[in-house]
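Here are my notes on the model you sent. They are set out as numbered points, to be read with the structure open.

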Amino acid sequence: MNDPQAEHVRQTAAELPLGPALEAVLMVVDEPATEEHLAKVLGRPPRAVADALRALADEYTAAGRGFELRLVAGGWRFYSRAAYAAAVEGFVLDGQHARLTQAALETLAVVAYRQPVSRSRVSAVRGVNCDGVMRTLLQRGLVEEAGAEPETGAILYRTTNYFLERMGLRGLDELPELAPFLPEADAVEAESLEGVPSFDPDAPDTADIHAGDETTTDI
């Protein structure tokens with residue numbers, strides 16, 4: 001049975017100008033909102049919502065606003081514009097560290113390019129034990145379990161939608177190619193990640209993301 005109050009709210013929302021209504025909703029979302037969900041809550045056709053979102057995104061870019069509307073991880077959300085990252089970091093971080101350690105970034109990169117992948121495989125690629133940093137990435141919501149390896153029963157891991165959101169990617173197909181970042185002799189091994197340069201075994205295996213990590217310019 002339909003909720004009369006909810007139906008009344010939808011009918012009222014459907015009478016509002018679409019562009020400002022979308023802006024109002026997107027100001028309060030805590031994760032990217034899909035076009036289908038926005039169309040449902042605003043009582044509008046999905047096609048009209050999709051067109052309005054893209055028109056808003058183009059409008060903000062043309063006006064040179066300090067924020068932008070981006071399609072990330074299957075949904076839409078406001079982000080501070082990269083050109084103003086220094087201003088955002090200066091305000092939000094205020095001297096705090098809001099980034100992953102080098103060890104955590106290296107581990108996350110291995111998972112991103114080899115997923116689904118086991119901890120032992122990640123450790124083999126990095127050349128050091130990665131159990132501690134993998135626990136941290138799990139706690140931060142950047143990776144998640146993805147079943148078990150049939151041959152060994154080892155737990156497999158993959159990146160999450162939150163990872164895509166923080167990286168500003170629509171999907172994993174937007175990850176950059178590895179070859180341009182590898183030494184020429186190792187480029188042929190980009191597909192397997194075996195050509196990744198040696199990692200520092202003394203790098204700390206704990207991530208250091210503090211309360212200021214809501215800026216979209218860092219993970």
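1. Asp51 and Arg47 sit four residues apart in helix α4, which is about one turn of the helix. An α-helix has 3.6 residues a turn, so residues three or four places apart point the same way. The two side chains meet in a salt bridge, with an N to O distance of 2.8 Å. Arg47 counts as exposed, at 53% relative accessibility, while Asp51 is partly exposed, at 40%. Keep in mind that this is a predicted model.

2. Helix α4 itself covers residues 46–63, 18 residues in total. From the first C-alpha to the last it reaches 26 Å, close to the 26 Å expected at 1.5 Å a residue. After the helix comes Gly64, whose phi is positive, near 65 degrees.

3. Which residues of α4 are buried? They are Val49, Ala50, Ala52, Leu53, Leu56, Ala57 and Tyr60. Viewed down the axis of α4, the buried residues fall within an arc of 165 degrees, so they line one face of the helix. The face turned away from that buried side carries the exposed residues Arg47, Asp58 and Ala62.

4. What covers the buried residues of α4? The cover includes two helices, α2 (18–26) and α3 (35–42). It also includes the strands β1 (67–72) and β2 (75–80).

5. A second salt bridge to look at joins the side chains of Arg70 and Glu68, at 3.8 Å from N to O. Here Glu68 counts as buried, with 17% relative accessibility, and Arg70 is partly exposed, with a relative accessible area of 23%. The cut-off for buried is under 20%. Glu68 and Arg70 are also linked with Arg81 in a network of salt bridges.

6. Arg170 and Glu174 give another salt bridge between side chains, at 3.1 Å from N to O. Arg170 is exposed, with a relative accessible area of 51%. Glu174 counts as partly exposed, at 33% relative accessibility.

7. Turning to the strands, three of them form an open sheet in the order β4-β6-β5, with antiparallel pairing. β4 (117–118) and β5 (143–148) stand at the edges, and each has a single partner strand, so one side of each is left without a neighbour in the sheet.

8. How many bridges pair β4 with β6? There are two, and the strands run in the antiparallel sense; β6 covers residues 155–159. Val117 has Tyr157 as its bridge partner in β6. Helix α8 (residues 131–139) lies across β5 and β6, and runs at about 110 degrees to β5.

9. For the chain as a whole, the secondary structure comes to nine helices and seven strands. The protein chain has 219 residues, of which 38% count as buried. Taking contacts between residues at least 6 apart in sequence, 56% join residues at least 24 apart.

Conventions: Residues numbered from 1 in each chain as written. Predicted model: local features only at pLDDT ≥ 70, side-chain atom pairs only at ≥ 80, totals over all residues. Heavy atoms only, no water. Expected span 1.5 Å × (residues − 1). Buried < 20%, exposed > 50% of the residue type's maximum accessible area, 1.4 Å probe, protein only. Arc of directions from axis to C-beta. Contact = heavy atoms within 4.5 Å. Pairing = 2+ DSSP bridges. Axes fitted to C-alpha atoms, helices over the stretch in contact; angles between N-to-C directions. Salt bridge = Lys/Arg side-chain N within 4 Å of Asp/Glu carboxyl O.
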